[in-house]
Amino acid sequence: MTQTDVSNLSLELTDDPETQNAVFLAAFNSGRGDLFDLLYRSDAISNLSGQPLAGAARTEAITKLLATGPKLHSVVRDSVVAGDTSLIIVGFELEVTAADGTRQRITGRCTDVLVREPDGKWIMAVDRPVAEHTETLGA
């Protein structure tokens with residue numbers, strides 16, 4: 001598996017949705033679940049695994065998924081910032097390897113909610129991807 005070079009990766013989320021998306025993509029595509037999980041609040045909810053998970057269960061599911069080498073592409077479709085809360089809607093395309101070794105392409109939309117922490121940094125509170133279409137690509 002080829003991993004993204006993360007030596008110069010900044011995990012600094014800003015109030016700019018394009019920057020947030022770029023950081024999210026770089027961390028996800030690094031293949032490092034521990035690094036990607038740093039973008040989340042400790043009580044954040046993510047359903048990347050197909051079910052809403054928080055805490056240690058979320059971290060474990062993210063780490064397991066990223067260890068398989070998925071590749072994510074996403075485009076910001078809409079965003080709204082209200083005070084210390086940011087709502088971002090992205091369209092995504094995710095390529096994963098299924099348990100039987102076949103590759104799949106999953107497309108859909110993701111709703112992300114970020115909050116600004118007291119130190120001024122933004123962090124993920126809700127990550128809710130919803131698959132709209134799955135296509136088998138072969139082995």
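Reply: The model is predicted. Start with Asp78, which sits in strand E3.

Me: Which residues is Asp78 in contact with, leaving aside its neighbours within four places in sequence?

Reply: A contact list shows what a residue meets once its sequence neighbours are set aside. For Asp78 the partners are Leu87, Ile88 and Ile89. Gly91 lies 13 residues from Asp78 in sequence, with 9.5 Å between their C-alpha atoms.

Me: Is Asp78 buried, partly exposed or exposed?

Reply: Partly exposed is the range between under 20% (buried) and over 50% (exposed). Asp78 has a relative accessible area of 46%, so it counts as partly exposed.

Me: How should I read Arg103, and where is it?

Reply: Arg103 belongs to strand E5 and is partly exposed, at a relative accessible area of 21%. Its side chain is joined to that of Thr97 by a polar contact of 2.4 Å. Pro70 is 33 residues from Arg103 along the chain, and their C-alpha atoms are 9.5 Å apart.

Me: Why does Ser46 count as buried?

Reply: The cut-off for buried is under 20% relative accessible area. Ser46 has 2% relative accessibility, and therefore counts as buried. Ser46 is part of strand E1, residues 40–46.

Me: What does the side chain of Ser46 make a polar contact with?

Reply: The side chain of Ser46 makes a polar contact of 3.4 Å with the side chain of Asp127. The Ser46 side chain also reaches the backbone nitrogen of Leu48, at 3.2 Å. Beyond four places in sequence, Ser46 touches Tyr40, Gln51, Pro52, Leu53, Arg58 and Asp127.

Me: How many residues does the largest nonpolar core have?

Reply: Read a core by its members and by the elements that supply them. This core has 24 residues, and those with the most contacts inside it are Phe24, Phe36, Leu39, Tyr40, Leu72 and Leu94. Two or more residues come from each of H1, E1, helix H3 (55–66), strand E3 (71–82), strand E4 (85–97), E5 and strand E6 (122–138).

Me: How many helices and strands does the protein chain have?

Reply: Count the elements, then read their order. There are 3 helices and 6 strands, in the order α-α-β-β-α-β-β-β-β along the sequence. Among contacts between residues at least 6 apart in sequence, 52% join residues at least 24 apart.

Me: What does the radius of gyration say about the protein chain?

Reply: Compare the value with the one for a compact globule. For 139 residues that would be near 14 Å, and the chain has 14 Å, so the two agree. The C-alpha atoms fill a box of roughly 45 × 30 × 25 Å along the principal axes. Of the 139 residues, 37% count as buried. The chain exposes about 7,400 Å², with carbon and sulfur atoms supplying 52% of that area.

Me: Where is confidence lowest and where is it highest among the elements?

Reply: Begin with the chain as a whole: the mean pLDDT is 88, and 91% of the residues reach 70 or more. Helix H1 (residues 17–29) has the lowest confidence, at a mean of 88, and strand E5 (residues 103–116) the highest, at 95. Over residues 1–5 the pLDDT is below 50, and this stretch has 12 contacts in the model beyond near neighbours in sequence. Where pLDDT is low, predicted coordinates should not be read in detail.

Technical notes
Residues are numbered from 1 along each chain as its sequence is written. This is a predicted model: local features need pLDDT of at least 70, side-chain atom pairs count only at pLDDT 80 or more; totals for chains, interfaces and linings use all residues. Side-chain values use heavy atoms; hydrogens and water are left out. pLDDT is the predictor's confidence in each residue, from 0 to 100. Helices (H or I, at least four residues) and strands (E, at least two) are DSSP runs, numbered from the N terminus. Contact means heavy atoms within 4.5 Å. Buried means under 20% relative accessible area, exposed over 50%, partly exposed in between (1.4 Å probe, protein chains only). A polar contact is a pair of N or O atoms within 3.5 Å; within protein, one must be able to donate a hydrogen and the other to accept it, and residues adjacent in sequence count only if both atoms are side-chain atoms. A nonpolar core is a set of buried Ala, Val, Leu, Ile, Met, Phe, Trp, Tyr and Cys residues joined through side-chain atoms within 4.5 Å. The radius of gyration is taken over C-alpha atoms; the globule rule is 2.2 Å times the number of residues to the power 0.38. Accessible areas come from the Shrake-Rupley method with a 1.4 Å probe; for residues, only the protein chains shown count as cover.
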